[in-house]
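Hi there,

Here is the structure I promised to pass on. Have a look, and then read on for what I found in it.

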Amino acid sequence: MASAPSTTTPVVKLQQGVAPLRAGQGHSFFWRRLHSLTGIVPIGVFLIEHFVSNAFATKGPGAYTKQVEFLSSFPFVVGLELFGIWLPILFHSLYGFYIWYRGESNVAEYPWTNNWMYSAQRWTGAIAFFYMGWHTWHLRFSGVHLLTYPGSAFGKVQHELFGTWAFLFYVVGIVCASWHFAYGLWLFAAKWGITQGPIARRRWGYVCALIGVTFIAVGFATLYSFRATPQQPFQPMGGETDSFTMR
């Protein structure tokens, strides 16, 4: 006797875990790739330069002043900053917030390593974004105009760091920016197919971790140099200030 076909709907056992982030299609794929690329060039390159330039503070106010004078002597420096730094950072940050908004991370239910890393990358990026905005406004656009008075740079940074809350914010900002860049390097290599397979990604992860620790160490050494040196004068001759909005 033939058996009747079963009308029971087969049960598909879903694999527990967090769905992987997909690269997207069409415009989404393009914007995600551009977001990944701008995190390395030009933002990553600028971050390296910024850490190295500030590290001249470990050699004293004179060396730091010379470095600021060198950077401020570039032609079309405002245009270079606008198109090479500020606009790429703005795009990378805003699209990063959009990815965060559209992402699927649930640390409470699925506390897996990749999920924690994803969440840490989003939070460190957000903190670094607000830190850079605050840092840029205070040192670049308010008070003494450092492109005009590069000799005031060391003292102006000191004036910021001698405030307890500002100093702690610098510490947090350095850690977050260093982590975000280091893990961003790992993500970039994975997304662009540079590291293929778990072994290559694990080894590259060790390198990225070392890069992050190095950035933090350099940043902390720089902070110590500013704090350990007696307060340097930073007001121009006659005590006047020259801000970006006053020029």
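How many residues does helix α4 have, and how far does α4 reach from its first C-alpha to its last? Helix α4 (residues 77-102) has 26 residues and reaches 36 Å, close to the 38 Å expected at 1.5 Å a residue (the expected span is 1.5 Å times one less than the number of residues). Helices here are DSSP runs of H or I with at least four residues, numbered from the N terminus.

Before going further: this is a predicted model, where local features need pLDDT of at least 70 and side-chain atom pairs count only at pLDDT 80 or more, while totals for chains, interfaces and linings use all residues. Residues are numbered from 1 along each chain as its sequence is written, and side-chain values use heavy atoms, leaving out hydrogens and water.

Back to α4: among its buried residues are Ile85, Pro88, His92 and Tyr95 (buried means under 20% relative accessible area, with a 1.4 Å probe and protein chains only).

Next, a helix pair. Helix α3 (residues 61-72) and helix α6 (residues 153-161) pack at about 110°, their axes 8 Å apart (axes are lines fitted to C-alpha atoms over the stretch in contact, and angles run from 0 to 180 degrees between N-to-C directions). The two are therefore roughly perpendicular, a term that covers 65 to 115 degrees. Pro61, Tyr64 and Val68 in α3 meet Ala153, Phe154 and Val157 in α6, where contact means heavy atoms within 4.5 Å.

Finally, Ser178 lies in helix α7 (residues 164-191) and is buried, with a relative accessible area of 1%.

Best wishes

How values were computed
Buried < 20%, exposed > 50% of the residue type's maximum accessible area, 1.4 Å probe, protein only. Parallel < 35°, antiparallel > 145°, perpendicular 65-115°, else oblique.
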